[in-house]
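Subject: Structure handover

Hello,

Here is the structure you are taking over. My notes on what was found follow below it.

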Amino acid sequence: MRIAVMTSGGDAPGMNAAIRGVVRCAAYDDIEVFGIERGYKGLIDNELQLMSKRSVSGIIQRGGTMLMTARCPEFMQYEYRRKAAEVLTSRGIDGLVVIGGDGSFSGMRVLYEEFGIKCVGIPGTIDNDLAYTDYTLGFDTAVNTVVSAINNLRDTMSSHERVVVVQVMGRACGDIALYAGVAGGAEVILVPEHEVNFDEVARRLTINKRAGKKSAIVMLAEGACPIDTVITELRERTDLSVKSTVLGYIQRGGVPTMADRVLASRLSARAVELLAQGIGGRVVGVRNNQVIDEDVSEALAMPRRVEEDLYQLAGILSL
Ligand code: ADP
Ligand code: F6P
């Protein structure tokens, strides 16, 4: 049997651990694995190489992805997808593992539905924006990176008695802001899942200042509100010294945490197991610390919800 593996969309720490897991688990079952470089773009361009157990040595501790990744708008068109399917069948490949986010999973689903290519998805994105799984690869590492940045910012903001608005990634999902905010003791957390109320934010910051707090961290998820608006609105409503920092791509790279490496290893094992059984059209994930797999269409249709309990708790802890 032969399968292929690719990483697609934004890179995330833990993708390398997942590639390694796919290659090693497949080798254990005598399955050949081809690595596809640059996601769907590389598949269309026939950029495939046979991988060996040794070719994935020394990558579990590295962020990024050894297979590189890309965004490939052409894959939205049927003609390019047909070409991709032809590449796989011409090489005798029976299954494809796609490590990526919801966009990559949408691409995988059409490849499966249109051409019967057996595909299994592993969630790899720092955003944690896939509802069917409790965690995606890279989320834990990204949150720890943000927490470490908050620690540094806290030193400076306390010394100068300032407020800092820290913008983090996540697209339409507020999980990075929420988890990093709770772990870093942020005074305010702004997420896209909740409407931003600047009067309330200003009120909280003023109460904190009066109660003797020397600094304040406002965690801003990029999808919640433009950072310039937050700064302007807070300066209008308070006399606090408001600074800002956009963390940007710092969050996407870095040494993956234990949690991301272990998750990657467990999910890759399930992905190979499914393909070895001739099963496709599924995505793997984790729920209540159990590895699960789900139909890709059903997984993509699940509505995401912010963890309301954690969000409410953050409000209590920060006053
Ligand atoms: P992510 O997987 O991180 O969400 P993107 O949303 O950028 O990243 O998607 C990655 C790639 O998946 C896109 O560049 C495109 O090649 C493919 N893709 C996304 N949506 C679709 C779709 N609806 N149909 C076909 N391919 C898609
Ligand atoms: O999906 C991961 C992510 O880092 C998002 O959090 C962010 O909005 C986006 O990718 C940035 O994309 P790009 O790499 O194209 O700048």
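Domain bounds here come from an automatic or database domain assignment. For this protein, which is a predicted model, that assignment gives domain 1 (2–138 + 256–301) and domain 2 (139–253). The centres of domain 1 and domain 2, taken over C-alpha atoms, are separated by 34 Å. Across the boundary, 19 residues of domain 1 are in contact with 15 residues of domain 2.

Ligand 2

The shell is made up of Arg71, Thr125, Asp127, Met169, Gly170, Arg171, Glu222, Tyr249 and Arg252. Sorted by class, these are 5 charged, 2 polar and 2 nonpolar residues.

- Glu222: a polar side-chain atom is 2.5 Å from an oxygen atom of ligand 2.
- Arg71: a side-chain N or O atom is 2.6 Å from an oxygen atom of ligand 2.
- Asp127: a side-chain N or O atom is 2.7 Å from an oxygen atom of ligand 2.

On its own, ligand 2 exposes 400 Å², and the protein buries 76% of that. The space that ligand 2 takes up is the largest pocket.

Ligand 1

Ligand 1 also sits in the largest pocket. How many residues surround ligand 1, and which are the closest? There are 16 around ligand 1, and the closest are Arg71, Cys72, Gly101, Gly103 and Ser104.

For ligand 1, the polar atoms come from backbone and side chain. A polar backbone atom of Gly101 is 2.9 Å from an oxygen atom of ligand 1. Asp102 has a polar side-chain atom 3.0 Å from an oxygen atom of ligand 1, and Gly103 has a backbone N or O atom 3.0 Å from an oxygen atom of ligand 1. Of the 550 Å² of accessible area that ligand 1 has on its own, the protein covers 83%.

Regards

Key: Residues are numbered from 1 along each chain as its sequence is written. Chains are lettered from A and ligands numbered from 1 in the order in which they are written. This is a predicted model: local features need pLDDT of at least 70, side-chain atom pairs count only at pLDDT 80 or more; totals for chains, interfaces and linings use all residues. Side-chain values use heavy atoms; hydrogens and water are left out. A residue is near a molecule or strand if one of its heavy atoms lies within 4 Å of it. A polar contact is a pair of N or O atoms within 3.5 Å; within protein, one must be able to donate a hydrogen and the other to accept it, and residues adjacent in sequence count only if both atoms are side-chain atoms. Accessible areas come from the Shrake-Rupley method with a 1.4 Å probe; for residues, only the protein chains shown count as cover. On a 1 Å grid over the protein atoms alone, a cavity is a set of points where a 1.4 Å probe fits but cannot get out, and a pocket is an open set with protein on both sides within 12 Å along at least five of seven lines; lining residues have an atom within 4 Å of a point. A molecule sits in a cavity or pocket if more than half of its atoms lie within 2 Å of its grid points. Ala, Val, Leu, Ile, Met, Phe, Trp, Tyr, Cys and Pro count as nonpolar, Asp, Glu, Lys and Arg as charged, and the others, Gly among them, as polar. Contact means heavy atoms within 4.5 Å.
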